[in-house]
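This briefing goes through selected local features of one chain, grouped by topic. Please keep the sequence and the coordinates at hand.

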Amino acid sequence: MIDVIQVSGGYSNHSILKDISFKVKKGELFGIIGPNGSGKTTLLKLISGTLPLQSGEIKLNDWSITAYSTKEFAKLVAVLPQLTQQTFGYTVKETVSLGRYAHQSGWFHTFSEEDEKIVQEAMEMTGVKEFENDPIDRLSGGERQRVFLAQALAQKPEILILDEPTNHLDLSYQKELLDLLKSWTKEKGLTVISVFHDLNLAGLYCDQLLLLHKGKMEIHHHPDEVLKKERIQAIYRTEIEKYPHPKVPKPQMMLVPERLNGQDFVIHDGLLDISKERITLKAPIPLRSMSSGVTGAGIGWYQTFVNRHVEKDYHYPDFKREMTEYLKNNRFDPSGTVGMMTAVQLKDVSVKFLEEEGFSVLIVVTAGVRNAVDATNENRPAFIPSPGTINIWVFVNGELTEEAFIQCIMTVTEAKVKAIQERKIIDPETGTLATGTSTDSILIAATQTGTLLPFGGSITPLGKLVGNGVYYCMNQALTHYFNRNQNN
C-alpha cells in the first residue's frame, strides 16, 4: 500500500534521514521506533507530504504521493501529530467536524446527515461525546488528544498516521486507543503508521517495526526480531532485559536500574527462624524466585518465605485463601511471601549451607512420605488434595538466568527422587516405587548478585552443589521422619 523507496529528507539542505526503504501493507499496524533525534517525526512528515523529499520516492497505492491533489490525499490519509497547545477556541464537535472537510464539495461545504453520523461515531469511539459542546481549550491534554484522534477518524481515511498517539493518555486510554486501532486494522483494513516512544507498546501492538538510528534504518522486521536485547541496549545505550509477555506472544523490555551500593549479602542458615508452627526466612531484600508454593507460585520477587505446619487432617476447599488469611493474621504480607504447608513435624527439618568458589547455596528440606505417590503410574486413583509433605527450599547466593532456575528445579527433582527410591518407598495405592508425595513443593530463590550462574543442570558447578545438598538433606529429613514414626 505504501512503498518508501530510497528516501532521504530533512530541513533546508540538511538531511535528517538517508536512504530509507520499506513497505507497509494494507491492514498493518506499523510502528516506527528509535532514540530521540533518530528521525522518527521527520519520516512521518515525509510520508504525509508535509515535508518535501530530497531524494527517493514514496508511493501510495502504486502512485507517487506528489501525484495526488491535497484534497485527494486527505481522503486517503489522516494525520494526528503530537499534541500542541493551539486549539483556536473551537468546541469539541466543531474540531472533530473539521475531519469531514476533505469529503465536502461545493462553495459552501454543506454538512450532510452522513457527515453528522460519522462525527458522532468518531466522538463515541474515542470517548469524547460527553464533551462535544465544551471548548477544546478547557480539556486536559489527554482529552484533547482523543478529540484530535476523533477528528482524524472522522476523515474516514485508508491510512492513519500518528506521532506518539499515547502521549498525555493515562494507562486505560492508552490500552483502549491501541485496542481500537488494532481492531480496525483487522476488521476494517485500516492501515496505521505510528511513531512509538514506548517500546513495550510498540512490541505489544505492532505487526512490523522500523528501528531508526542516527537517520538510518537499523532494521525493519517483526517486533520480536527488532527488539533484540543486544540491539536495543546498543542503540538506546542502556541496560535492559527482554521477556515474553505473560498473556500474548509479544516481547516486552524491562529497564535495569543501576544497583545501589551495599546490596551484596548472603542468605545463610542464621536467617532461619524455626518453631513448632512454621519455618521462616526473611531476606534483607526481595529475591528472584521460582516456586510452586501455595502463595507466591510462579516467578516473582519475594522477601519472606514461610513453611507452615498443618495437621494431617487439614482440609479447606479454598486452601489458598485460608493460607493468605493465615499470613495476614501473622503479620506477613501475602503479596511478598512464598508460603508452603507441610504436615511434617518442623523439628525434623534438615538444613545445609554449601559453598563453592564464587557462590553458595542454602538448602532447607522438610520431608515425610505418608502420602507417597508414583507419578508415572496412570492407574493411580484421582487426586485428593492434602498438605504437602516434601517441601524443598534452595537459596542461591549468585545471579541465575531463567534457564538456570528451570534446570535447578530439574536437579532438585532428580536428587529428591533418588533419595526416595534408594529407600524403596512405595506408593500405597499402586504398590510401585514412589517418586514423591502428592503435593510436593519446590522453591528456587536467588540474590541475583555476585557470580553469574548461567546453568543449573546436574553436571554444572551449581547443579552439583544443589544436587548433593538436596540429596543429603532429603536423607537426613527422612531419617528424622522414620525415627519419629518408630518411636510413636
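In which strand does Phe-22 lie? Phe-22 belongs to strand E2, residues 14-24. The model is a predicted one.

- Phe-22 counts as buried because its relative accessibility is 4%, and the cut-off for buried is under 20%.
- Not counting residues up to four places away in sequence, Phe-22 touches Ile-2, Asp-3, Val-4, Phe-30, Leu-43, Ile-47, Leu-210 and His-220.
- Between Phe-22 and Ile-58 there are 36 residues of separation in sequence and 9.8 Å in space, C-alpha to C-alpha.

**Helix H10 and its two faces**
- Helix H10 spans residues 319-329, and Glu-322, Met-323, Tyr-326 and Leu-327 are buried in it.
- Viewed down the axis of H10, these buried residues fall within an arc of 140 degrees, so they line one face of the helix.
- That buried set packs against three strands: E14 (278-291), E15 (298-309) and E16 (337-342).
- On the face of H10 turned away from the buried side sit the exposed residues Arg-321 and Asn-329.
- Just after H10, Arg-331 has a positive phi of about 65 degrees.

**Packing of helices H4 and H5**
- Helix H4 (residues 113-126) packs with helix H5 (residues 141-154) at an angle of about 140 degrees, and their axes are 9 Å apart.
- H4 and H5 are therefore oblique to each other, since only angles over 145 degrees count as roughly antiparallel and 65 to 115 as roughly perpendicular.
- The crossing of H4 and H5 is right-handed.
- On the H4 side, the contact is made by Ile-118, Ala-122, Met-123 and Thr-126; on the H5 side, Arg-146, Leu-149, Ala-150, Leu-153 and Ala-154 take part.
- Sorted by class, the contact of H4 with H5 has seven nonpolar residues, one polar and one charged.

**Gln-407 in helix H11**
- Gln-407 is placed in helix H11, residues 402-422.
- With a relative accessible area of 18%, Gln-407 is buried, because the limit for that class is under 20%.
- Leaving aside neighbours within four places in sequence, Gln-407 is in contact with Phe-455, Gly-456 and Gly-457.
- Gln-407 and Phe-319 lie 88 residues apart in sequence and 29 Å apart in space, C-alpha to C-alpha.

**Loop residues with positive phi**
- Asn-61 is in the loop between strand E4 (55-60) and strand E5 (63-64), and its phi is near 55 degrees, a positive value in a residue other than glycine.
- At 32% relative accessibility, Asn-61 counts as partly exposed.
- Lys-214 is in the loop between strand E9 (208-213) and strand E10 (216-221), and the phi of Lys-214 is positive, near 55 degrees, in a residue other than glycine.
- Lys-214 is exposed, with 69% relative accessible area.

**Thr-376 in a loop**
- Thr-376 is found in the loop between strand E19 (372-373) and strand E20 (391-397).
- The relative accessible area of Thr-376 is 66%, so Thr-376 is exposed.
- Thr-376 and Trp-393 are 17 residues apart in sequence, and the space between them is 24 Å, C-alpha to C-alpha.

Notes: Residues are numbered from 1 along each chain as its sequence is written. This is a predicted model: local features need pLDDT of at least 70, side-chain atom pairs count only at pLDDT 80 or more; totals for chains, interfaces and linings use all residues. Side-chain values use heavy atoms; hydrogens and water are left out. Buried means under 20% relative accessible area, exposed over 50%, partly exposed in between (1.4 Å probe, protein chains only). Helices (H or I, at least four residues) and strands (E, at least two) are DSSP runs, numbered from the N terminus. The arc is that of the directions from the helix axis to the C-beta atoms. Contact means heavy atoms within 4.5 Å. Axes are lines fitted to C-alpha atoms, for helices over the stretch in contact, and angles run from 0 to 180 degrees between N-to-C directions. Angles under 35 degrees count as roughly parallel, over 145 as roughly antiparallel, 65 to 115 as roughly perpendicular and the rest as oblique. A crossing is left-handed if the near helix is turned anticlockwise from the far one by less than a right angle, and right-handed if clockwise. Ala, Val, Leu, Ile, Met, Phe, Trp, Tyr, Cys and Pro count as nonpolar, Asp, Glu, Lys and Arg as charged, and the others, Gly among them, as polar.
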